[in-house]
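Okay, thanks for making time, everyone. Have a look at the screen.

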Amino acid sequence: MHYLLSVIHDSASLATPSEMAAIDVFNERLQAEGQWVFAGGLGFPTTATVVDHRDKEVLFTDGPFVESSEYLAGFWIITAPDLDAALKVASDGSKACNRKVEVRPFL
């Protein structure tokens, strides 16, 4: 089963060099253990553009969809046999990046 591990951050700072090193080690472990599908870091919310084409005209809005002190800073997509295994990986990921991690299964 695939899971999305969302990295939740609450400040306008990038990962420190020591956090990046820990993330690299974590990523290498995921790859070596066959759990890695894809991962990436995201730009700050101020770089976002929201696209809404539910009506006749498309609307482009600069900035994040939601005003919040927390935002999605990055993610991993992993493969795990079950939720318990995904939660263990998320716990290790949270430790590596020093941020909260939300776990959600793909349907």
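So, the side chains of Arg 29 and Asp 92 meet in a salt bridge, 3.0 Å from N to O. By salt bridge I mean a side-chain nitrogen of Lys or Arg within 4 Å of a carboxyl oxygen of Asp or Glu. This pair links distant parts of the chain: Arg 29 is in helix 1, residues 17-32, Asp 92 is in helix 2, residues 83-97, and the two are 63 residues apart. Helices here are DSSP runs of H or I with at least four residues, strands are runs of E with at least two, and both are numbered from the N terminus.

Before I go on: this is a predicted model, so local features need pLDDT of at least 70, side-chain atom pairs count only at pLDDT 80 or more, and totals for chains, interfaces and linings use all residues. Residues are numbered from 1 along each chain as its sequence is written, and side-chain values use heavy atoms, with hydrogens and water left out.

Back to Arg 29. Its side chain also meets that of Glu 33 in a salt bridge, at 3.5 Å, N to O. How exposed are these two? Arg 29 has 28% relative accessibility, so it counts as partly exposed, and Glu 33 is partly exposed too, at 48%. The cut-offs are under 20% relative accessible area for buried, over 50% for exposed, and partly exposed in between, with a 1.4 Å probe and protein chains only. In general, side chains of opposite charge can pair when their charged atoms come close.

How many salt bridges does the structure hold? Six. One of them joins the side chains of Asp 52 and Arg 54, 2.7 Å from N to O. Asp 52 is partly exposed at 22%, whereas Arg 54 counts as exposed at 71%.

Val 51, Val 58 and Phe 60 form a nonpolar patch on the surface, with about 280 Å² of accessible area together. Patch residues have over 30% relative accessible area and no salt bridge; like charges are joined within 9 Å, and nonpolar side chains (Val, Leu, Ile, Met, Phe, Trp, Tyr) within 5 Å. The areas come from the Shrake-Rupley method with a 1.4 Å probe, and for residues only the protein chains shown count as cover. Phe 60 is found in strand 4, residues 59-62, and counts as exposed at 55%.

Last, the whole thing. There are two helices and six strands, in the order β-α-β-β-β-β-α-β along the sequence. Of the 107 residues, 30% are buried.
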